[in-house]
Amino acid sequence: MRSSHPRSAAVSALVATALATGLLAGTADAAEGSASAEPIRIHDIQGTTRISPLNGKQVADVAGIVTGVRTYGSRGFWMQDPDADDNDATSEGVFVFTNAVPTVAVGDAVKVSGLVGEYVPGGASSGNQSVTQISKPAVTVVSSGNALPEATAINEYNVPAAYAPAGDPAAAGSINGLTLEPSRYALDFYESLEGMNVKIGTSRVVGATDPYSELWVTVKGWENTAKRGGTIYGSYESQNTGRLQIQQLAPIAQQPFPVANVGDKLTGTTEGPLDFNQFGGYTLVARTLGTVKAGTLAPEKTKAQAANELAVATYNVENLDPSDPQEKFDNLAKAVVANLASPDILALEEIQDDNGAKNDGTVSAEETIKKFTAAIVAAGGPAYQWRTVNPENNKDGGEPGGNIRQVFLFNPARVSFTDRAAGDSVTPTGVTQEHGKAALTHSPGRIDPANPAWADSRKPLAGEFVFKGKTVFVIANHFGSKGGDEGLTSVHQPPVRSSEAKRLLQAQAVNGFVKQLLAADKNASVLAVGDINDFEFSATAQALEDGGALYSAIKSLPKAERYSYVYQGNAQVLDQILTSPSVKNFTYDSVHVNAEFSAQNSDHDPQVLRFRP
């Protein structure tokens, strides 16, 4: 028996049953000396690499027992050969794509004829691995009510610590042609179980239930654990091998999917076929779903700033526009007041124009901002004033017609804004000296808007503030997204991160501007804040920090607290506040109010930094 695919003695009974019902009749015939060719088995189709050796070929009378039926989305069923071979690398399960709603049932012994293929979820350009499947099937039900092949356990003991083999340089970094080593690499382990009946025991939730009725767990409870129960993605080499996506086979209308937050537990046994999809890779599609046991996680509240501390925060409010429900405005406002303690300066990202995604040339966001600041007052917060620079229509990326931009909110009872010849969408702000101190030529103003680095992307918004007689420069950023990057489960290892090139140029532009400020006044207090869309260990962050001009302040936190976003079960940093050398003795807080929860007002957690200028 295969060490990484444990099975009980029940297999022999299953085989005997299958032989008796004719499921493995071909094998029986061969054993009796039949001249007929040895029948094709599922493990022959799966082979020892990610690509079937029978890809593109017709197969006939492939036998298996149905272990799962999917009646929605990619419709079809999974079947598994109960008589496993002795090769760890070959899966005993396969997906049969029927297109129409399948007419088989779990426990049916079937014979399938059809076309073997490799389906790439998301298309070849996505970089995703493929799913070995049989399509255009002719299905014969031999018998019904059969016992299922015992589920293979996925747990902390058999998932390898190493994530993936290095891709073949001769094949553009692809791992497709490499023989699977399921005892050595986690991706190979999961691939060796593709299509098979698998199970997990009680596991901690590391990615909350999302709108698509799926959640993430870890089978390695000790792996890079976040303070509040998630799993930290702290480097490109800490992919977190124990993460697994969970869906269910039952349609939602028939069986609602459980609502879970990070830190909850999916208790009992969750069992079903192991699929691969474009939104997270290997996924246990549960035929039997465990029970969610709720934890005690609550949204965080940051400490209020002292009278002589300046509190600067950043918050991506996820495409906020006046057509959003008042509840969204109210909930975001309550978070500003109750969870962020009404920061003195708040840089907002993803403020849309006054009619949102309606693509009619509107660029003003005055109504959006008025509605939000009024909600903050209603929540007991200050009467924030604001500054921004409207973008050119449809020139800054994001949802077409939405014209997202950054906006400064500031509490005039605590801090003043220094207006200097307010810039427009195409006029760059610059650095000058005034009384021996650094000053902006335009405040508010945009940094280097004609730079190709900002094409179809949000231009940085720079502003000059005064707190207790001290000037503070704040740069609100929203760097280019990670759209187009390959996922961690990519067929290329390491995955191709094509979006990094643009953010690197953007980081260099912001770093260069900060260096100009520091050249004018080496003691200038500068904060570059916002949705950097990249990790604190990334080349983007390193470029922002170049020459000591800035420091990513989230790195002042313990590693178990460094995250602002949860993606595919990985708690990670996207939002940052970076400080110039004169900003010392600060307190940093990533205020977890959204990312860990199924109910979200934004998908980002706000960040706040308190210091004495």
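Which side chain makes a polar contact with the side chain of N128? Keep that in mind while we look at the whole chain. One caution before that: this is a predicted model.

Start with the overall picture. The protein chain holds eight helices and 31 strands. Its radius of gyration is 28 Å, close to the 25 Å from the globule rule for 613 residues, so the chain is as compact as a globular protein of that length. The C-alpha trace spans about 100 × 50 × 45 Å along its principal axes.

Of the 613 residues, 57% are buried. The accessible surface comes to about 22,800 Å², and carbon and sulfur atoms make up 52% of that. Next, charges. There are 49 positive and 66 negative side chains. The centres of these two sets lie 7 Å apart.

What about contacts along the sequence? Take those with a separation of 6 or more: 71% of them join residues 24 or more positions apart.

Back to N128. Find the loop between β4 (109-119) and β5 (131-143); N128 sits there. Is N128 buried or exposed? Its relative accessible area is 12%, and buried means under 20%, so N128 is buried.

And the polar contact? The partner is the side chain of S126, at 3.1 Å. There is also P121: its backbone oxygen lies 2.7 Å from a polar atom of the N128 side chain.

Who else touches N128? Leave aside neighbours within four places in sequence. Then N128 is in contact with V120, P121, G122, F276, Q278 and V491. Look for those residues around N128 in the structure above.

Terms used:
Residues numbered from 1 in each chain as written. Predicted model: local features only at pLDDT ≥ 70, side-chain atom pairs only at ≥ 80, totals over all residues. Heavy atoms only, no water. Helix = DSSP H or I, 4+ residues; strand = E, 2+ residues; numbered from the N terminus. Buried < 20%, exposed > 50% of the residue type's maximum accessible area, 1.4 Å probe, protein only. Polar contact = N/O pair within 3.5 Å; in protein donor to acceptor, adjacent residues only side chain to side chain. Contact = heavy atoms within 4.5 Å. Rg over C-alpha atoms; globule rule 2.2 N^0.38 Å. Areas by Shrake-Rupley, 256 points an atom, 1.4 Å probe, with all protein chains shown as cover. Lys, Arg positive; Asp, Glu negative; His and termini not counted. Charge placed at Lys NZ, Arg CZ, Asp CG, Glu CD.
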